[in-house]
Amino acid sequence: MKIVVTNIDADTGILCTVEPMRTGPAFPNVKGFQWVWQDESNWPVATIGGVYQTAPKYYGTCDDDADTSLVGVLGVLSDAEYATLKTAEHQARKPFPSWIGNEETMTWKAPTPYPQDNKRYYWDETITSWSE
């Protein structure tokens, strides 16, 4: 099953949008939860007094018989919803139009490799290459 969760306080289990996570962040204890990716294109998440103003979202899978009514579980997703959200997140992270993406790993790479000559370079999209 595909789900989306957010942080809760590690000891109290209180949702990150309700109170500060004084003992650190944790995921809800969802049976078989495996974190796959997160909506980091929306980070950093604003806080006021240590309380998140919006919940950071972490997407993954869990056992089919898992309790998804736990605090911190934001929703259960269909395969189509999950795929659509993952594609949208991957595209939101695209650093330059010419870069090549790998949605499986949620990464991007330049169409030409970074030079390995110990000099510093930056990506120049106008020439789609690395420049000093």
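Visitor: Where does G72 lie, and is G72 buried or exposed?
Guide: In this predicted model, G72 lies in the loop between β7 (58-61) and β8 (73-77). Buried means under 20% relative accessible area. G72 therefore counts as buried, with a relative accessible area of 5%.

Visitor: Thanks! Which residues is G72 in contact with, leaving aside its neighbours within four places in sequence?
Guide: Let's begin with D9, which is 63 residues from G72 in sequence and 9.7 Å from G72 in space, C-alpha to C-alpha. The contacts of G72 beyond its neighbours within four places are V4, V5, T6, I8, L15 and P28.

Visitor: Over to helix α1: how far apart are its end C-alpha atoms?
Guide: Helix α1 covers residues 79-92, which makes 14 residues. At 1.5 Å a residue they should span 20 Å, and the model agrees, because the end C-alpha atoms are 20 Å apart.

Visitor: Which residues of α1 are buried, and what do they pack against?
Guide: Y82, K86, E89 and H90 are the buried residues of α1. They cover an arc of only 100 degrees around the axis, so they sit on the same side of α1. The face turned away from that side carries the exposed residues A80 and T84. The buried residues pack against β1 (2-5), β4 (34-38), β7, β8, β9 (100-102) and β10 (107-109).

Visitor: One last stop: is N118 buried or exposed?
Guide: N118 is in the loop between β10 and β11 (122-124), and has a positive phi of about 65 degrees although it is not a glycine. Exposed means over 50% relative accessible area. At 82% relative accessibility, N118 therefore counts as exposed.

Conventions
Residues numbered from 1 in each chain as written. Predicted model: local features only at pLDDT ≥ 70, side-chain atom pairs only at ≥ 80, totals over all residues. Heavy atoms only, no water. Helix = DSSP H or I, 4+ residues; strand = E, 2+ residues; numbered from the N terminus. Buried < 20%, exposed > 50% of the residue type's maximum accessible area, 1.4 Å probe, protein only. Contact = heavy atoms within 4.5 Å. Expected span 1.5 Å × (residues − 1). Arc of directions from axis to C-beta.
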